[in-house]
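Let's walk through this structure together, moving from overall form to individual contacts. Keep the viewer open as you read.

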Amino acid sequence: MAAKAKAADYLLYDEATGSYKEDPEQRVRDDVEKHYWRHVWSMIVKDWRLYVMLIPMLLVFLFWRYFPMYELLGCFKVADNVLPVADQLFSGFSNFKQLLVGNTSMSTEFWRALRNTFILSFYGMCFGFPMPIVVALFFNEIRSNIARSVFQVITYLPKFMSTVVMTSLVVMLVQQGTLVSEMGIISKLLVSLKLITYETGNSGILHNPAFFRAVYVISGIWEGAGYDSIVYFAAIIAISPTSYEAAQIDGAGKMAQMKYVVLPSILSTVTIMLITRIGSLLNIGYEKVLLLYNADTFMTADVVSTFSNRYGLEGAAKGLASAAEMMNNVIGMLLVIGANTISRKASNTSLY
Amino acid sequence: MKRKTETSELIFRIISYTLLTIFAVSCLYPFVFAISAAISGAHEVDYNQIVLLPKSVQFDAFRNMFSNNMFWNAYTNTFFLTIFGTIWAMLYSILGAYALSKKRLLFRKALNFFLVFTMWFSAGIVPQYLNYLATKTVFNSVGIMDDKWLVVIAMGMQAMNIVLLRNAFEEVPSEIEEAAIVDGATEFQVLTTVYIPMSRSTIATVALFFAISRWNGYFWARQMISNGYEKPLQVFIRELLEQYQDPEFINGWNEVYSADSIIYALIVCSIVPILIIYPFIQKYFAKGVNEGGVKS
């Protein structure tokens, strides 16, 4: 038996004679292998329309998603504003060295940006992740369909506003006081609630590094808590009413039903969403930071993308800036792949 | 026993209603405030005397803005980018997603990876910028001088949307397709007469995703569009806001309405089209998110 298991798979064990003989299908397999490319070609010719349909999409992604990756080579080269990336001189890892261990203000800024990226998205996750779940649980409590639709329509709305509109509103509502105008109305509210001092409000919350993270996280919740609850709400309404009835017969109150019926049912959704969230920890929405920060708040607000934007697009240190983002994005990619692998192992659910 | 359950349920329901109401009000308030502030008098806006409803109503902020040609330019440009950007993106997305949804497509796995990899890894701002600059040169050399076309064609591709479409096409039962082929339909006819009608809701969702992201697009439009007359609305708003934060701008301001009002008026104008179509589209969004978000 052991010998049978070990025998090559193109041989079949013949019980009657006790010997091996060739698998008749093997010839076909050999044939396919020998003429593999001819076979591929004939398949493509037969279905050529299908492949033609693919072309525009492939070209678009090639030109504007993959060619930039080629430009990434610039991070190994001496930056030059005139020469294309292919003709620039190789400088090895000097850009990376300069960022990571260089004794310059730029290196300090890079480390600060990396730390801020982690901290901002970590806070965003800690406070922003549970909110949609809570909102979905609340939606579930509302029995009247009309009332629920109204709530849903209103709370999804901020998601459809552009980052520019959202940040402009934030800027206006917490603006500093000037000679001719008072501070913004939200600042005023916070002052009257004694959450911030008058001086802080008057000098502008957005000019105070201590408040940037709070502004970022709270505006993120305002923007996404309603819309992101869709997924959880779908999981909750999929729970069969009999589960609740069974729990009620067993004497479960509202909290007990929450704990033993609702939460277990949405746990898999929550896990998947959490893993996705961890995976995209470093892909911070730089547009929002870029529109909210200013020179006063670089200390807490500057993230890697905005750092690259400042040095690479507004400044001329293109090589250094792309090296910075390359590190950020490679770590980010490893997080996504890691998260996806864990999710596949843990719940048999792959995100991609 | 029964009674106890009812009380706890009632308390829970009251809490839900209260907190949701607070949340909904906080979602809506900034917009209502923006409208009120846009049509209130200068002193009232600058000294926070409006809380909800407008006071000493004036329409000069709106009138001033409507008489500004740059505003109408920006508005038209945004419509242009949204309409053509969505059409172009839907065109290659539907064709590509249809091909990818076919089991008989060779190298299907590799092609999917080609697409999905762009969700995992992006080259970053600087390489993307250099790439767009190079594209701009190429476009100019073939006679496309409008940067608007660069934004329409080269920006806004989203692998996730193509994955959504592909998943929807995979759900279409193959019997219908076979029937169409027996009737002599070509590949393209199968797509237009069977697949597109059968996945109408996903297609609507994806088109709306594209359209919204186009309408709201800011960063690359600002980087790549050099001609002031081609700037979209979002760039226009932001530039005005930056200009407004400049102290000199405030000193030269008039008395009828606050400088804030003109920003609020712009914000209101930029969200009105979304607010108009929003009630009709929001059910599609909910559906699209649930259908395609996670595929097991």
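Helices here are DSSP runs of H or I with at least four residues, strands are runs of E with at least two, and both are numbered from the N terminus. Counted that way, chain A comes to 18 helices and 2 strands. Please keep in mind that this is a predicted model.

Start with the outline of chain A. Its C-alpha atoms fill a box of roughly 100 × 75 × 45 Å along the principal axes. The radius of gyration of chain A is 29 Å, whereas a compact globule of 352 residues would have one near 20 Å. Of those 352 residues, 35% count as buried. If you look at contacts in chain A between residues at least 6 apart in sequence, 59% of them join residues at least 24 apart.

Now bring in the partner chain. On the chain B side, 80 residues are in contact with 78 residues of chain A. Helix H1 of chain B (residues 2-38) supplies the largest share of that side, 17 residues. By class, the chain B side divides into 49 nonpolar, 22 polar and 9 charged residues.

By contrast, A:Ser42 is 30 residues away along the chain, and its C-alpha atom is separated from that of A:Leu72 by 37 Å.

Next comes the largest nonpolar core, which has 145 residues; B:Tyr98, B:Leu165 and B:Ile267 touch the most other members. Helix H12 of chain A (residues 212-237) gives the most to this core, with 13 residues. Beyond its neighbours within four places in sequence, B:Tyr98 is in contact with A:Met53, B:Phe169, B:Leu191 and B:Tyr195.

Finally, look at a helix pair within chain B. Two packed helices are described by the angle between their axes and the distance between the axes. For helix H4 (residues 69-100) and helix H11 (residues 200-216) of chain B, the axes come within 9 Å and cross at roughly 145°. This crossing of H4(B) and H11(B) is right-handed. Among the residues making the contact are B:Gly85 and B:Ala89 of H4(B), and B:Phe210 and B:Trp215 of H11(B). By class, the contact has 8 nonpolar, 5 polar and 1 charged residues.

Notes: Residues numbered from 1 in each chain as written. Chains lettered and ligands numbered in written order. Predicted model: local features only at pLDDT ≥ 70, side-chain atom pairs only at ≥ 80, totals over all residues. Contact = placed C-beta atoms within 7 Å. Nonpolar A, V, L, I, M, F, W, Y, C, P; charged D, E, K, R; others polar. Core = buried A, V, L, I, M, F, W, Y, C linked by C-beta atoms within 7 Å. Buried ≥ 20, exposed ≤ 12 C-beta atoms within 10 Å, placed from the backbone. Rg over C-alpha atoms; globule rule 2.2 N^0.38 Å. Axes fitted to C-alpha atoms, helices over the stretch in contact; angles between N-to-C directions. Left-handed = near helix turned anticlockwise from the far one by under 90°.
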